[in-house]
Amino acid sequence: MITFTRLAALLALLLPVLAQDQEDASRCSKIPDEINLTPLTDPFTFFNGQRVNSKSDWTCRRAEISQLVQRYQLGQLPTVPSSAVKATYFEESRPKVNVAVTVGDKSISFNVTIVPATEPGKDSSPAIISVGGTTIPTLTGVANILFNNDEIAAQTSPSASRGVGLFYDLYGKDHSAGSLMAWAWGIGRVIDALEKLPEAKIDTKHLGVTGCSRNGKGVLIAGAFEPRIALTIPQEGGAGGPSCWRISDYLARKGINTQTAHQIITENTWHSPAFEPYVNQVGILPFDQHLVTALIAPRALYVPENDVEWLGPESAWGCQRAARTVWEALGVEDRIGFDQTAVHSHCLFPESEVEGLTAFVDRFLRGKKVKTDGYFKTEAEYPDYSDKFWRNWRVPTLR
Ligand SMILES: *[C@@H]1O[C@H](CO)[C@@H](O)[C@H](O)[C@H]1NC(C)=O
């Protein structure tokens with residue numbers, strides 16, 4: 001029989017061990033509030049499980065991501081031979097370009113307006129294509145090209161806008177592309193036209209693209225799918241832009257009023273109908289917006305962001321940190337900036353982001369020798385955020 005004394009002696013022996021266990025646990029890593037998280041997809045592992053070990057592997061991985069994103073989220077980007085595009089320069093209070101595209105027996109045409117640069121170059125100026133209006137400050141030495149994305153593909157509502165716009169006049173209203181991809185196509189045709197028109201005085205080797213909010217979503221996609229864009233500036237695009245579906249879902253489940261995949265398809269025609277089966281199970285998609293973003297690498301990207309709840313600010317932060325690992329692997333992490341200013345009106349470009357914007361524009365559009373590191377930052381605080389919850393990959397050095 002165990003006597004009381006012996007029991008007490010046994011307890012005395014065990015207690016320090018138990019206390020030590022507790023002490024150890026307090027030093028261990030914490031689990032997230034919700035453990036139903038699917039990490040972001042590894043950029044450096046092919047769909048078939050092989051590792052990405054070199055720059056040439058990345059070229060193939062990039063092509064694979066592009067195909068997957070077209071198939072499951074954005075729809076197909078049609079290729080167009082340059083000979084199918086007719087460009088006409090004219091002036092009507094301002095310089096304009098008419099872009100006419102013929103595919104088979106169908107033709108469409110639209111105009112873009114050029115706002116010439118203050119301090120233009122002799123033969124040509126770098127330019128920023130503004131998608132759906134200009135919301136960034138005027139930049140010295142850079143022309144502004146006004147692109148009306150809504151006429152290429154409408155964005156009013158799913159019932160009013162699916163298959164509506166010049167893109168669908170050309171390719172049929174059942175084409176798989178949603179509005180974001182249709183706009184990327186349109187921007188590609190504007191560049192085709194500018195390449196044919198020396199009189200437009202645009203340096204097509206130094207082109208940027210920008211736009212805010214819904215148009216900012218389109219800007220990220222244009223940068224991802226149009227390799228002739230040297231600098232992509234998606235402003236406050238949130239979900240469908242720099243935010244990741246998986247992280248935004250997590251924020252929404254935590255009670256933060258964040259735009260998610262299952263909401264976005266009910267709001268508009270930005271995505272392909274092919275995306276719809278996945279919006280309640282984004283964790284099974286073989287990519288997320290960090291990989292869509294990574295299609296831009298090694299070209300330059302500057303993401304001016306906000307802390308508006310609906311954009312999923314923590315999602316944009318985590319998603320772009322994940323995307324940046326690709327620039328890191330390619331040895332060019334100073335070509336991606338993320339500048340998140342707290343508390344300013346949506347699409348009203350804040351003073352605090354002007355320095356970063358100017359640095360990226362000066363370096364990548366105006367060819368100046370300026371530094372662009374130090375612009376990956378946020379003013380917000382995310383005490384719950386941990387890269388480890390979302391990323392389970394090692395960043396290789398790709399040569
Ligand atoms: C382009 O501008 C010309 C000249 O003003 C005009 O006649 C034409 O209708 C415009 N095209 C479109 C598609 O708006």
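I began at serine 213, which lies in the loop between β6 and α7 (214-225). The model I am reading is predicted. Phi of serine 213 is near 60 degrees, and I noted this as a positive value in a residue other than glycine. Serine 213 counts as partly exposed because its relative accessibility is 22%, and the buried class ends under 20%.

I looked up glutamate 236 next. Its phi is positive, about 45 degrees, although the residue is not a glycine. I found glutamate 236 in the loop between β7 and α8. Is glutamate 236 buried or exposed? I have it down as buried, because its relative accessible area is 0%.

**Cis peptide.** I checked omega at alanine 297 and proline 298. A cis peptide bond joins the two residues, with omega about 5 degrees. Proline 298 sits in the loop between α10 (289-294) and β8.

**Disulfides.** How many disulfides does the structure hold? I count 2. I took the pair of cysteine 212 and cysteine 347 to begin with; their sulfur atoms are 2.1 Å apart. This pair links distant parts of the chain, with cysteine 212 in strand β6 and cysteine 347 in the loop between β9 and α12, 135 residues apart. The torsion about the S-S bond is -95 degrees, and I logged the link of cysteine 212 and cysteine 347 as left-handed. Both cysteine 212 and cysteine 347 are buried.

I then went to cysteine 244 and cysteine 319, which form a disulfide with sulfur atoms 2.1 Å apart. The link of cysteine 244 and cysteine 319 is right-handed, with 65 degrees about the S-S bond. Cysteine 244 and cysteine 319 are both buried. Counting bonded cysteines along the chain, I wrote the pattern as 1-4, 2-3.

I also looked up two further cysteines for accessibility. Cysteine 28 counts as partly exposed because its relative accessibility is 46%. Cysteine 60, at 47% relative accessibility, counts as partly exposed as well.

**α8 against α11.** I read their axes as coming within 9 Å and crossing at roughly 150 degrees. The two helices are therefore roughly antiparallel to each other, since the cut-off for that class is over 145. The crossing of α8 and α11 is right-handed. Which residues make the contact? From α8 I listed Ile247, Ser248 and Leu251, and from α11 Glu314, Ser315, Gly318 and Cys319. I sorted the residues of the contact of α8 with α11 into 3 nonpolar, 3 polar and 1 charged. Cys319 of this contact is the cysteine bonded to cysteine 244.

**α6 against α7.** I returned to α7 for its packing with helix α6 (residues 179-195). The two pack at an angle of about 60 degrees, with their axes 8 Å apart. That angle makes α6 oblique to α7. The crossing of α6 and α7 is right-handed. On the α6 side I noted Leu180, Met181, Trp183, Ala184 and Ile187 in the contact. On the α7 side I noted Arg214, Asn215, Lys217, Gly218, Ile221, Ala222 and Phe225. The residues of the contact of α6 with α7 divide into 8 nonpolar, 2 polar and 2 charged. For reading both lists I kept in mind that an α-helix has 3.6 residues a turn, so residues three or four places apart point the same way.

**α12.** My last entry is on helix α12 (residues 354-364). Which of its residues are buried? I listed Gly356, Leu357, Ala359, Phe360, Val361, Asp362 and Phe364. I then looked up what the buried residues of α12 pack against, and found strands β4 (125-131), β6 (202-212), β7 (231-235), β8 (300-305) and β9 (336-340). Of these, β6 holds cysteine 212, whose partner cysteine 347 is in the loop between β9 and α12.

How values were computed:
Residues are numbered from 1 along each chain as its sequence is written. This is a predicted model: local features need pLDDT of at least 70, side-chain atom pairs count only at pLDDT 80 or more; totals for chains, interfaces and linings use all residues. Side-chain values use heavy atoms; hydrogens and water are left out. Buried means under 20% relative accessible area, exposed over 50%, partly exposed in between (1.4 Å probe, protein chains only). Helices (H or I, at least four residues) and strands (E, at least two) are DSSP runs, numbered from the N terminus. Contact means heavy atoms within 4.5 Å. A disulfide is a pair of cysteine sulfur atoms within 2.5 Å. Axes are lines fitted to C-alpha atoms, for helices over the stretch in contact, and angles run from 0 to 180 degrees between N-to-C directions. Angles under 35 degrees count as roughly parallel, over 145 as roughly antiparallel, 65 to 115 as roughly perpendicular and the rest as oblique. A crossing is left-handed if the near helix is turned anticlockwise from the far one by less than a right angle, and right-handed if clockwise. Ala, Val, Leu, Ile, Met, Phe, Trp, Tyr, Cys and Pro count as nonpolar, Asp, Glu, Lys and Arg as charged, and the others, Gly among them, as polar.
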